[in-house]
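Subject: Structure handover

Hi,

Here is the structure I promised to pass on. Please have it open while you read my notes.

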Amino acid sequence: MKPFAYLRAETVSDAVRACAAHPGAKFLGGGTNLVDLMKLGVETPGLLVDVSRLPLDQVTDTAEGGLRVGATVRNSDLAAHPAVRTRYSALSQALLAGASGQLRNIATTGGNLLQRTRCPYFQDTTKPCNKREPGTGCPAREGAHRDLAVIGYSEECVATHPSDMAVALAALDADVVLHGPEGERTVPVTDLHRLPGDNPDADTVVRPGELVTEVLLPPLPDGTVCLYRKARDRASYAFALVSVAAVLRVRDGRIEHAALAFGGLAHRPWRARTAEEILSGAPATDATFLRAADAELAAARPLRDNAFKVRLARHLAVDALAELTART
Ligand SMILES: Cc1cc2nc3c(=O)[nH]c(=O)nc-3n(C[C@H](O)[C@H](O)[C@H](O)COP(=O)(O)OP(=O)(O)OC[C@H]3O[C@@H](n4cnc5c(N)ncnc54)[C@H](O)[C@@H]3O)c2cc1C
Ligand code: SF4
């Protein structure tokens with residue numbers, strides 16, 4: 001591993017200042033992704049600014065009736081929080097479907113959002129990779145891409161975003177608060193992660209030196225139900241092949257509100273806006289759910305070995321919406 005300096009930040013402004021003063025410095029949350037990538041030589045920061053002990057470890061109610069989640073709240077604590085389990089169960093389920101108990105005990109909200117792709121070529125410095133080293137190529141396109149993207153990808157990169165939590169947050173319309181050298185700004189989670197385009201080295205819209213300080217969950221009107229489902233190769237300790245987060249409110253048999261996001265399909269959590277348009281105001285029936293899922297997934301362009309993901313996504317979405325309807 002390349003030698004690096006280490007600094008434990010006591011305040012948000014210290015953390016931002018330290019990172020801004022050292023080009024290439026990285027914030028350290030739980031370290032469960034960053035340190036692994038440093039060991040592999042994929043990440044080579046000269047300075048680690050440890051933010052894991054910043055006073056951002058609380059989950060609190062907002063004045064509007066939503067929740068404010070600090071960036072250093074551990075994944076286990078967030079999943080177990082009573083308000084998350086009862087009001088935002090999709091988020092709790094997504095967190096518990098990720099990684100392992102030990103990892104969740106150390107992984108943070110900010111780090112989970114900004115974890116990097118699990119594309120095997122990205123993690124192997126003996127191979128070319130446009131995300132790791134722009135302009136070197138994308139061996140995944142013709143190579144091992146069974147787990148990779150079917151929608152929204154580009155010639156340059158077919159990687160998928162790995163976070164389960166981010167998919168639930170996308171369907172729940174959460175916002176992310178960022179503090180940087182130029183001040184504070186708020187970005188919807190759905191806009192945080194990028195499609196790869198011709199610069200897949202940028203995973204997100206986060207600017208250099210910007211620290212995630214909190215995630216804001218809006219209130220959910222009475223009668224809203226939600227869930228997260230994940231299909232994977234093993235029953236636990238595996239990233240999603242496909243996952244879905246669904247949020248639904250049905251009144252008198254008609255869909256009043258529907259939000260749907262897929263994981264494992266794209267370079268970012270894939271918010272299914274086309275499906276949502278079809279669902280909105282329609283009868284809450286399997287026929288509607290199928291029509292909506294098919295309309296959304298018509299844009300998929302599977303690679304040689306991953307067409308199964310499209311079928312999986314269709315079934316997961318329809319099952320999730322049917323299950324939620326039965327609960328309303
Ligand atoms: C074996 C294994 C299996 C896994 N399985 C899953 C899975 O099934 N589903 C899943 O979702 N995840 C899975 N993970 C990933 C795991 O969830 C992430 O490693 C973890 O959530 C990252 O959080 P962290 O706090 O450790 O981040 P770190 O490793 O500390 O940081 C990750 C990135 O975020 C940046 N960062 C950290 N905090 C902040 C902040 N506050 N502001 C700005 N930038 C910040 C860092 O600079 C770094 O770039 C798995 C990991 C492992 C090792
Ligand atoms: S899919 Fe993206 S991350 Fe994977 S090899 Fe291609 S460029 Fe690199």
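This is a predicted model: local features need pLDDT of at least 70, side-chain atom pairs count only at pLDDT 80 or more; totals for chains, interfaces and linings use all residues.

Residues are numbered from 1 along each chain as its sequence is written, chains are lettered from A and ligands numbered from 1 in the order in which they are written, and side-chain values use heavy atoms, without hydrogens and water.

Ligand 1 has 33 residues around it, and the closest are Phe 27, Gly 30, Thr 32, Thr 108 and Asp 164 (a residue counts if one of its heavy atoms lies within 4 Å). Polar contacts here are pairs of N or O atoms within 3.5 Å. An oxygen atom of the ligand is 2.6 Å from a side-chain N or O atom of Thr 108. Backbone contacts to ligand oxygen atoms include Gly 29, at 2.7 Å, and Ala 238, at 3.2 Å. Of the 980 Å² of accessible area that ligand 1 has on its own, the protein covers 93% (Shrake-Rupley method, 1.4 Å probe).

Now the sheet: four strands form an open, antiparallel arrangement in the order S9-S10-S11-S12 (strands are DSSP E runs of at least two residues, and two of them pair if DSSP finds at least two bridges between them). Its edges are S9 (225–231) and S12 (270–271). Strand S11 (254–263) pairs with S12 over two bridges, and Ala 261 stands opposite Arg 271 in S12.

Best wishes

Methods
A polar contact is a pair of N or O atoms within 3.5 Å; within protein, one must be able to donate a hydrogen and the other to accept it, and residues adjacent in sequence count only if both atoms are side-chain atoms.
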